[in-house]
Amino acid sequence: MMPAMSRLERVVCRNTLWDWFTRRHVLPWTVRGLRVDGEVLDIGRGTGTMAAELARLFPSSGVTTTDIDPVMVPSARQRLRRLPNAQARQADATALPFSDGSFDCVTSYLMLHHLHDWETAVAEVARVLRPGGVFVGYDLTRTMLARLVHWVDRSPHRLVSTGELLTVFESVGLRLDHLDISAREHLVRFTAIRLP
């Protein structure tokens with residue numbers, strides 16, 4: 001299950017400036033060099049900002065964005081309404097309502113640390129990816145500063161360590177393709193390939 005967003009997270013993640021910043025800087029940094037010509041699943045993406053940009057970046061792809069929050073999904077649908085290659089669905093990242101091997105690419109942006117059981121979400125990503133499919137994203141890492149901010153904000157989330165992430169990738173059949181640690185080791189960017 002996904003805990004409720006803290007007050008700070010709601011302020012940061014649900015404002016126009018953050019939407020602009022993620023479209024302009026975060027998405028290009030995350031998907032640099034990636035080319036997708038198939039089905040893309042964007043998990044835990046709230047208002048659909050990143051899904052809309054993915055649909056524009058990869059117009060020949062079909063983009064499905066999901067979020068567990070029933071308030072976020074209508075907002076995402078509204079944002080995607082003029083993009084024929086994009087849709088929004090309510091879904092739990094730890095129990096995705098898609099068949100095995102349904103997607104060529106799965107994206108995750110600052111979502112895993114919102115889950116008490118992020119390992120199950122990664123296993124679900126591996127399950128819904130086709131062999132050779134790509135899991136790409138970034139998340140907060142377990143640093144002293146991140147732990148302090150989450151403690152002060154009373155955020156109940158589990159921050160991700162790079163070592164744990166790599167161990168889980170290996171255990172579910174994902175091969176690490178690229179790992180980039182940035183922002184003074186507070187962020188990890190990753191690309192992993194689904195093994196046959």
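In which sense do strand β1 and strand β2 pair, and over how many bridges? Strand β1 (residues 39–43) and strand β2 (residues 62–67) run parallel and are joined over four bridges; two strands are said to pair if DSSP finds at least two bridges between them. One of these links has Asp 42 with Thr 65 of β2 as its bridge partner.

The structure is a predicted model, in which local features need pLDDT of at least 70 and side-chain atom pairs count only at pLDDT 80 or more, while totals for chains, interfaces and linings use all residues. Residues are numbered from 1 along each chain as its sequence is written, and side-chain values use heavy atoms, with hydrogens and water left out.

Seen as a whole, the protein chain has seven helices and seven strands. These elements are DSSP runs numbered from the N terminus, with helices (H or I) of at least four residues and strands (E) of at least two. Their sequence order gives the pattern α-α-β-α-β-α-β-β-α-β-α-α-β-β. Of the 196 residues, 54% are buried, where buried means under 20% relative accessible area, exposed means over 50%, and partly exposed lies in between (1.4 Å probe, protein chains only). Among contacts with a separation of 6 or more, 67% link residues 24 or more positions apart; a contact means heavy atoms within 4.5 Å.

The seven strands form an open sheet with mixed pairing, in the order β3-β2-β1-β4-β5-β7-β6. Because β3 (86–90) and β6 (174–182) each have a single partner strand, they stand at the edges, with one side of each left without a neighbour in the sheet. Neighbouring strands are turned by 15° against each other on average, direction ignored. Helix α2 (residues 16–31) packs on this sheet and touches β4 (103–109), β5 (129–140), β6 and β7 (187–194). The direction of α2 makes about 130° with that of β5; such axes are lines fitted to C-alpha atoms, for helices over the stretch in contact, and angles run from 0 to 180 degrees between N-to-C directions.

Helix α2 also contains Phe 21, which is partly exposed at 34% relative accessibility. Together with Leu 17 and Trp 20, Phe 21 forms a nonpolar surface patch with about 330 Å² of accessible area.

Strand β7 pairs on both sides. With β5 the sense is antiparallel, over seven bridges, and Leu 140 stands opposite Leu 187 of β7. With β6 the strands also run antiparallel, joined by eight bridges, and Ile 181 has Val 188 of β7 as its bridge partner. Seven of the eight residues of β7 are buried, so this strand is largely enclosed by the rest of the structure.

Thr 191 lies in β7 and is buried, with a relative accessible area of 9%. Not counting residues up to four places away in sequence, Thr 191 touches Val 134, Phe 135, Val 136, Arg 175, Leu 176, Asp 177 and His 178. Thr 191 and Asp 177 are 14 residues apart in sequence, yet their C-alpha atoms are 5.3 Å apart in space.

Back in β2, Thr 66 is buried at 3% relative accessibility. With residues up to four places away in sequence left out, the contacts of Thr 66 include Leu 41, Asp 42, Ile 43, Arg 89 and Phe 98.

Methods:
Patches are made of residues with over 30% relative accessible area and no salt bridge: like charges are joined within 9 Å, nonpolar side chains (Val, Leu, Ile, Met, Phe, Trp, Tyr) within 5 Å. Accessible areas come from the Shrake-Rupley method with a 1.4 Å probe; for residues, only the protein chains shown count as cover. A salt bridge is a side-chain nitrogen of Lys or Arg within 4 Å of a carboxyl oxygen of Asp or Glu.
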